[in-house]
Amino acid sequence: QVQLVESGGGLVQAGGSLRLSCAASGRTFSSYAMGWFRQAPGKERECVATIGRSGGVTYYADSVKGRFSISRDNAKNTVALQMNALKPEDTAVYYCAANPKVFARAADYWGQGTQVTVSS
């Protein structure tokens, strides 16, 4: 089992950047693929990025490709999402997830979420 705690959300102007971090508990972090999801009010949850257990394989939603970058540090049990060139439509609650299922919009474990608000 793994527990996830996100940090780094906030308010930023369009075009700006934010870096989200997720700290995981437990000694088996490196056995989990990790991902970031987001959910805006009135919209379905969307997987924006995933990263494989060793960090060698990544996935990005088309809506964030070229602007967001996911990374992980297995020695520190952390996963990060660097978000650049932010747009108002990126406004959502962002969730860190372990063992993400992209098309099912599901995961085995979830963090509590962190709010990202992008003003125009």
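## A85 and its loop

A85 counts as partly exposed because its relative accessibility is 37%. Partly exposed lies between buried, under 20% relative accessible area, and exposed, over 50% (1.4 Å probe, protein chains only). A85 sits in the loop between strand 8 and strand 9. Its phi is positive, about 50°, although A85 is not a glycine.

This is a predicted model: local features need pLDDT of at least 70, side-chain atom pairs count only at pLDDT 80 or more, and totals for chains, interfaces and linings use all residues. Residues are numbered from 1 along each chain as its sequence is written, and side-chain values use heavy atoms, with hydrogens and water left out.

## Overall build

The protein has zero helices and eleven strands. Helices (H or I, at least four residues) and strands (E, at least two) are DSSP runs, numbered from the N terminus.

The C-alpha trace spans about 40 × 25 × 25 Å along its principal axes. Buried residues make up 41% of the 120 residues.

## The nonpolar core

The largest nonpolar core holds 30 residues. Such a core is a set of buried Ala, Val, Leu, Ile, Met, Phe, Trp, Tyr and Cys residues joined through side-chain atoms within 4.5 Å. Those with the most contacts inside it are M34, W36, V79, L81, M83 and Y94. Strands that each supply at least two residues of this core include strand 4 (34-39), strand 8 (78-83) and strand 9 (92-101).

Y94 touches residues from several parts of the chain. Leaving aside neighbours within four places in sequence, its contacts (heavy atoms within 4.5 Å) include E6, L20, W36, R38, F68, L81, M83 and V116.

## Two buried loop residues

N77 lies in the loop between strand 7 and strand 8. Its relative accessibility is 17%, so N77 counts as buried. Phi of N77 is near 55°, a positive value in a residue other than glycine.

G52 is in the loop between strand 5 and strand 6 (58-60). At 18% relative accessibility, G52 also counts as buried. Neighbours within four places in sequence aside, G52 is in contact with A33, V57 and R72. K76 is 24 residues from G52 along the chain, and their C-alpha atoms are separated by 16 Å.
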